Amino acid sequence: MTFAVPDSVRPLRDAVHAFMTERVEPAEGVLHRGGPEASAVLGELQEEARKAGLWALGHPAELGGGGLPFLDYVYVNEVQGRSEFGQLALGTFTLQDSLMLHEFAGPEQRERFLEPLVRAEIWPSFAMTEPAVSSSDPTQLRTEAVLDGDEWVINGHKWFTTGANRAAYTTVMCRTEPDAPPHLAFSMILVPTDTPGYTIVRDTPVLGLDGGHCEVRYEDVRVPSANLLGPRGQGFLIAQRRLGPGRIFHCMRWLGQAQRAFDLMCRRLHERSASGRPLADRQLMRQHVFDSYTEIQSARLLTLHAAQAIDRGEQARVEIGAVKVAAARMLHNVIDRAVQVYGAAGLTPDTPLDRMYRHARAGRIYDGPDEVHIDSVGRRILGAYAAGGNWEFGLR
């Protein structure tokens, strides 16, 4: 395993880097404002990406994507992650949902939902979290679906359904087997967002940002029984198949965000002076560089290690759980130091840091809070010792 970008991936990574820095990042101001102009600019970027052969690189080739191996995708996705709009511009914002449908969808579902997803003709959304229960214990989820003839009737209340305000459908985790054990009591059902009874209550603001994290009520929502995704009672299995790769996708992109913040910080240290000396000459400022370097490099190696395990066909639950926590902390810390170096300017929209900082804090909560992953990783490692074995780092 190499930690530097392999020669086989370097040209593609360089092309993505150029696209991000020369086309996507300069367009962020327009894209943040939203509206017709932003939609037009995003459409232009997506068309450019298609023509340049940069479209949907992480999607399986049989779906019309780039078919990159998981480990190779780390090297590309860490560059794509420099901007929150990288996923949109390069057609990978549907990847988690596409992989989920690719594994579990039937022929009709593939034609209606999966194929348009990969072409970015429609947006997906995924509904698991509920405001009334702790998301760290999803067996408490209350949204229910009852089979009435050949229709599912869904009632419940979800939130943080990201993208529901523009999505064509939502994959909803519902309790369908009330008498089954908790982890076999839930199923996934595909619900078109224009179905009567599907009501978006609000786009929930997160640290002052409107990011499409929607609160949704389901009131006697009826969909065909054929909209069941995968087998009944397998909602937890499907959720884990979606969330596992999704967590490491986050970590890949966070490396790009951290690189961008690190670049801004280091350049600022050379550009700014205080008391007649460049900030780069100050020992405390060099401490920020040192701490950020070690954290970024550590998170990057953890990410590559987890991706390598996934490429081998392993579930990599320890590796993914560990890097999800470490990378989220790293991202917050690196951006925080960059803000500190910029001083007052770092608190304003004059740099991308203020928005990056607010997004970074959420990373320690979504797709499983830090505490859940820490507990899970610790339990699994200790379990190896309880079984008479050990955790030999050199062999894993």
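1. The buried residues of helix α4 pack against α1 (10-24), α5 (86-90), α6 (95-104), α8 and α9 (283-311). Buried means under 20% relative accessible area, with exposed over 50% and partly exposed in between (1.4 Å probe, protein chains only). Helices (H or I, at least four residues) are DSSP runs, numbered from the N terminus.

2. This is a predicted model, in which local features need pLDDT of at least 70 and side-chain atom pairs count only at pLDDT 80 or more, whereas totals for chains, interfaces and linings use all residues. Residues are numbered from 1 along each chain as its sequence is written, and side-chain values use heavy atoms, leaving out hydrogens and water.

3. Helix α4 spans residues 70-80 and is mostly covered, as eleven of its eleven residues are buried. Among them are Phe 70, Asp 72, Asn 77 and Glu 78.

4. In the largest nonpolar core, which has 67 residues, the members touching the most others are Val 16, Phe 19, Leu 31, Leu 45, Ile 335 and Leu 353. Helix α8 supplies the largest share of this core, twelve residues. A nonpolar core is a set of buried Ala, Val, Leu, Ile, Met, Phe, Trp, Tyr and Cys residues joined through side-chain atoms within 4.5 Å. A second, separate core of 25 residues includes Leu 63 and Leu 229.

5. Asp 263 lies in helix α8 (residues 235-271). Asp 263 is buried, with a relative accessible area of 17%. Its side chain makes a polar contact (a pair of N or O atoms within 3.5 Å; within protein, one must be able to donate a hydrogen and the other to accept it, and residues adjacent in sequence count only if both atoms are side-chain atoms) with the side chain of Gln 259, at 2.8 Å.

Note on methods. Helix = DSSP H or I, 4+ residues; strand = E, 2+ residues; numbered from the N terminus. Contact = heavy atoms within 4.5 Å.
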